[in-house]
Amino acid sequence: NPMSAAGPLMLDLQGPEMSASEAELLRRGPVGGVILFARNYVEPMQLRDLTASIREVRPQLLIAVDQEGGRVQRCREGFTRLPAMGRLGALYRTDPDRGLLLARECGWLMAAELIAQGIDISFAPVLDLDRQISQVIGDRGFDADPAAVIHLAGALMEGMHQAGMATTGKHFPGHAAVVADSHLEVPVDERTFEQIEAEDLRPFARFIDNGQLDALMPAHVIYQQCDPSPAGFSRFWLQQILRQRLGFKGLIFSDDLSMEGAGVAGSYPQRAEAALAAGCDMVLVCNRPDAAVEVLEWMESRQLPAVDAVARMKAGAKRYEGEPITSADKLQQTSRWQAAVELLTALN
């Protein structure tokens, strides 16, 4: 029964409601997840209906969104505005305790508000160092200092886990030393492995070690001295370093295969094949419905093994405390939600 197990493809939807043809696509075996964007969001009730309609079609699908805070927050109206992580880094430098408290409550609040509307995960946190070089990362990173990133992101992930959400660190092994935007071109990082390991890899290594990282998304960046392929298509990065050397057991999501940084791998099916062969568990195809169908058909022809992404991510999230979050109304009556909103409002 193809309905039972979900596959390795995460795709997106065109608008705030799911069309009949999209519902048909979601029923097909290789689809394992749906990523939502701002165009899929109007207000909380509509989102609740949309996620419920996705679950009705297929309960095993993983529903994801980028809700990092700052300029990357897809759900805004009716959600608490979250600060950019760089704001938390700045606060941490002047008042470490308050910075960590805010990071934890920010992680909890972000996760809790999404779970209340039926979303499983936000692709967060960004573990890239904010070196003031990469425009596309910029204040999405906590800090330039790996030690500060480890403290702050650790607190944020603790909050996410307390809400019942699995964590996804990005963009492995570190996107922030290149100027180019991988949405538009293929950035090349000229540093040696030793340089990357001494700085950018440290947060990833720490969180793999202490079990806080449930999933991970590699960068569409070529680390010229290490491997000729972008990290998301590289067995060196995903197998040798991530799986073997760092011992990562979680899920690996490809970054969006329709980004220019992925173009080096060829056609869409070739990109998907390269990502899966390198070690990605689930591949994302966004903003190109035609390409998503092409990848889907290629996957059907290949009979790829099922990926139990939902079960694996849910296992990562099993650490929550207290009652599961079932509705936004209930959430907003909790003292933790009220206190967290007050903290974040004071920051802005």
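Helices H5 (residues 146-163) and H7 (residues 201-209) have axes that come within 9 Å and cross at roughly 40 degrees. That makes H5 oblique to H7. Angles under 35 degrees count as roughly parallel, over 145 as roughly antiparallel, 65 to 115 as roughly perpendicular and the rest as oblique. This is a predicted model: local features need pLDDT of at least 70, side-chain atom pairs count only at pLDDT 80 or more, and totals for chains, interfaces and linings use all residues. Residues are numbered from 1 along each chain as its sequence is written, and side-chain values use heavy atoms, without hydrogens and water.

**H5 and H7**
- The crossing of H5 and H7 is right-handed.
- In H5, the contact residues include Ile 150 and Met 157; in H7, they include Arg 202 and Phe 207. Contact means heavy atoms within 4.5 Å.
- The residues of this contact divide into eight nonpolar, one polar and two charged.

**H3 and H4**
- The axes of helix H3 (residues 85-94) and helix H4 (residues 96-115) come within 6 Å and cross at roughly 155 degrees.
- That makes H3 roughly antiparallel to H4.
- Leu 88 and Tyr 92 are among the H3 residues that meet H4, where the partners include Leu 100 and Cys 106.

- Just after H9, Gly 279 takes a positive phi of about 130 degrees.

Methods. Axes are lines fitted to C-alpha atoms, for helices over the stretch in contact, and angles run from 0 to 180 degrees between N-to-C directions. Helices (H or I, at least four residues) and strands (E, at least two) are DSSP runs, numbered from the N terminus. A crossing is left-handed if the near helix is turned anticlockwise from the far one by less than a right angle, and right-handed if clockwise. Ala, Val, Leu, Ile, Met, Phe, Trp, Tyr, Cys and Pro count as nonpolar, Asp, Glu, Lys and Arg as charged, and the others, Gly among them, as polar.
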